[in-house]
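Hi,

Here is the structure I promised to hand over. Please look through the sequence and the model first; my notes follow below.

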Amino acid sequence: GGRTITLNVNGSDYKIDADPRVTLLDALRERMGLPGTKKGCDHGQCGACTVHVNGRRVNSCLMLAMQAEGAKVRTIEGLANGDALHPVQAAFIKHDGFQCGYCTPGQIMSAVACIQEGHAGSDEDIREFMSGNICRCGAYPGICAAIKEARE
Ligand code: FES
C-alpha cells in the first residue's frame, strides 16, 4: 500500500491510491464508483467529462486526480437535491436537450457553469461558452433553450 490521497467529491471524501498518472476522470469512474461523468475522446476535445472543480468547469480527462486534492469536485451525481432535479436538469428534459444522452452529463455541468459564470446572456454567448461540449446527435437547439429557461 502506497500513499493515498483524499478527494472531496459532491461533499464526500474518497480515499484513493496516489497514482501520479491517473486522471480525475478515471479516478471518478473507476476508483470512486461515479460513472456519471463520461469518457468521450479522453483528449480534451468533446466535453463529455466536464465536472466542476472549486466551482469552475474542467475537462476531467485533462486533470490529474492528484491535482484535485484539497479541492471541491462536483459531478453530475451531485447536482440533484435528493429527488429534486437541479433546474438545469429539469430544463434539459423539458426542452429535449439530448437524444442518446451520452454527452448529457458534461453538457449539463457546462450549462450550470455557463449560467453561474454569467455567460448565458445571449444565444451567441451560450454557443461560445458551450462550444467545447460536442453533441453528435445535434441537440444544440434544445440545449440552448434549456439554458435560457434555467437562467431565469
Ligand atoms: Fe474529456 Fe472528451 S473525454 S474532453
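**The sheet**

Strands β3 and β5 run antiparallel and are joined by two bridges. Within that pair, V53 has V73 of β5 as its bridge partner. On terms: helices (H or I, at least four residues) and strands (E, at least two) are DSSP runs, numbered from the N terminus. Two strands pair if DSSP finds at least two bridges between them.

A word on the source. This is a predicted model, in which local features need pLDDT of at least 70, side-chain atom pairs count only at pLDDT 80 or more, and totals for chains, interfaces and linings use all residues. Residues are numbered from 1 along each chain as its sequence is written.

Five strands form an open sheet with mixed pairing, in the order β2-β1-β5-β3-β4. Its edge strands are β2 (12–17) and β4 (56–59), and each of them pairs on one side only. Neighbouring strands are turned by 40° against each other on average, direction ignored. Axes here are lines fitted to C-alpha atoms, for helices over the stretch in contact; angles run from 0 to 180 degrees between N-to-C directions.

Strand β1 (residues 4–9) pairs with strand β5 (residues 72–74) in the parallel sense, over two bridges. V73 in β5 is the bridge partner of V9. V73 is also the partner of V53.

β3 and β4 run antiparallel, with four bridges between them. V51 stands opposite V58 in β4. The hairpin of β3 and β4 has two residues between the strands, and N54 takes a positive phi near 50° there.

**The helices**

Helix α3 (residues 104–116) lies across β3 (50–53) and β4, and runs at about 40° to β3. Contact means that the C-beta atoms of two residues, placed from the backbone, lie within 7 Å.

Two packed helices are described by the angle between their axes and the distance between the axes.

- Helix α2 (residues 87–94) packs with α3 at an angle of about 125°, axes 10 Å apart. The two are therefore oblique to each other. (Under 35 degrees counts as roughly parallel, over 145 as roughly antiparallel, 65 to 115 as roughly perpendicular, and the rest as oblique.) V88, Q89 and F92 of α2 make the contact with T104, I108, A111 and V112 of α3. Five of the contact residues are nonpolar, two polar and none charged.
- α3 packs with helix α5 (residues 140–150) at about 40°, axes 10 Å apart. That makes α3 oblique to α5. Q107, A111, C114 and I115 in α3 meet I143, A146, I147 and A150 in α5. By class, this contact has seven nonpolar residues, one polar and no charged.

The classes: Ala, Val, Leu, Ile, Met, Phe, Trp, Tyr, Cys and Pro count as nonpolar; Asp, Glu, Lys and Arg as charged; the others, Gly among them, as polar.

**The domains**

The assignment gives domain 1 (4–78) and domain 2 (87–150). These bounds come from an automatic or database domain assignment. The C-alpha centres of the two domains lie 21 Å apart. Twelve residues of domain 1 are in contact with eleven of domain 2. On the domain 1 side, β3 gives the largest share, three residues. That side has five nonpolar, five polar and two charged residues.

Best wishes
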